[in-house]
Amino acid sequence: MDLERVDAPQPKRPLPWATATMLLAFVLALTVWASQAISVAAQGVTGGSATVAGTPAGWKGSWGGGTEGVPVEAPSAVAAKAAREKAAGIKVPVYRGAEPMTQVEGQTVVSITFDDGWAGARRGAEILDAAGLKGTFYVNSGTLDAPGYLSLVQAKEMAKAGHEIGGHTVSHARLSGLPADEAARQICQDRENLAGWGFSPTSFAYPFADTNASMEKAAKDCGYNSARNLGDVQNRFVCGNCGNAESLRPENPYELKAPSQVESDWTLKDLQEAVTAAGPDGGWVILTFHGICPLECKIIDVEESLFAEFTQWLAERTTTDNVVVRTVQQVIGGPNRPTVSGPAAKLNTIANPGLQKLGDSGIPACWNRAAYGSNTAAFSQVKGAGGNIRSKLVVSDYQDGDAKLLPVQDLGECAPAVKAGHSYSLRAWYSATADVQFAVYYRDGTGSWHYWASSGYLPRSSDLIPAAWTTPPLPEGATSLVFGLALLGNGELVTDDYGMYDTNEAQLLAVD
Ligand SMILES: [Zn+2]
């Protein structure tokens, strides 16, 4: 497999803060695991655009900034709820299981797949419809309804029209960089999300075509019937020694072989040759697309006119040659297995609360350095009495925004499980020379994160002193909570020994 030419989406333009917060929190969470955390220790973070999980500057007055936090839902959560309600009215056909596709001698079976659920995938589906063909769309359930992506309503309309919706993890996770449990949560939660919305997700594709035996097992254990890889079928770009097609009875359905993804340098001839390369023996050719230009015009996207030309050519082959176009689900068949929940997260337990364990990236494991707005934030680790590691944050050039150390916003490896409706007492030790407040985020049932509330300002102190704030009851559907101490001005903040307890259960938890 060629690692350079794999599924690697990038947002096309800056996203509004709410989505940027959610997406970038995911991205940051993942990059930490991949030992590529944004390094801000030495050079600092210069503000100017939303970077990572932040409280929106425009909302500071009503959500914090010196007044007690107001327990209203973030706009991103409210918008998501409205979109989900609209989508709930659309019924999609349920797949009830089928035999694997019958093999016909010399037949070439083509599957047209789209990864990531970019907004242009909708245009891709329309072009396929015009050619009388159906495709497989591997979507990330965590970004459906986010700007630049398919809406849930669109995905359901596509499924209703006969296209297949498959899974691609909640947040486009690079699975091999995650602990096994977290990788399983990414795959299983995504499938649960899709099934919960009425889809019949039986097909999965590995983000970044990044997989190994343990990920294949996770895809299977989460209930999928197949999982697609990339770059294991030859073309002029990669893998000259590979075969010309996958088998209709794949050796390993959890590592489906496919040519490298279609990119902007593919010509009509390249697309045609991917199909004709199967030759007189036939076989299964799985083509992988991302966005459609002019909606998306990155290196991994294809021109709309080229895609239309190719699909028309392909549709013609189905009448003149021994070629058929089928979804991955139609080829693989198999049952529509029940959904499976990923490994449970620990209840009310902040991971690495004392910051003592450093991760591969050199910052405390399970923590992120977050900053947004116009300011320069420099993080470092300092040692307290007895050699305990503490986090130090210095903010300068402050105009707006904040900076803070925050637990990684993941699906349970770092972020603790909590109970909706419960209030949590949040604790940390700190010293500060400028305004500091608790800032709280929650995860919803689909695995997306939302900024929620902030405390009032805490007293400034040159000595390390304890801080505590009790949140309002967590909103309906909340499954996790993370919090940090945010610095909102020029100055210095040192923190250590975070903790939280569930006030409804009156039990001290999560102490170091
Ligand atoms: Zn992808």
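I began with helix α8 (residues 268-276) and helix α9 (residues 304-320), whose axes come within 10 Å and cross at roughly 30°; helices are DSSP runs of H or I with at least four residues, strands are runs of E with at least two, and both are numbered from the N terminus. Axes are lines fitted to C-alpha atoms, for helices over the stretch in contact, with angles from 0 to 180 degrees between N-to-C directions. The crossing angle makes α8 roughly parallel to α9 (under 35 degrees; over 145 is roughly antiparallel, 65 to 115 roughly perpendicular, the rest oblique).

I kept in mind that the model is predicted, with pLDDT of at least 70 needed for local features and 80 or more for side-chain atom pairs, while totals for chains, interfaces and linings use all residues. Residues are numbered from 1 along each chain as its sequence is written.

For the contact itself (C-beta atoms, placed from the backbone, within 7 Å), I noted that Leu 268, Leu 271, Gln 272 and Val 275 in α8 meet Leu 306, Glu 309, Phe 310, Trp 313, Leu 314 and Arg 317 in α9.

I then turned to the sheet, which is open and has 5 strands in the order β11-β14-β19-β16-β17, with antiparallel pairing (two strands pair if DSSP finds at least two bridges between them). β11 (367-372) and β17 (449-454) are the edge strands with a single partner each, so one side of each has no neighbour in the sheet. Within the sheet, I recorded 8 bridges between the antiparallel strands β16 (residues 436-443) and β19 (residues 480-487), and I found Leu 481 in β19 as the bridge partner of Tyr 442.

How values were computed. Two residues are in contact if their C-beta atoms, placed from the backbone, lie within 7 Å.
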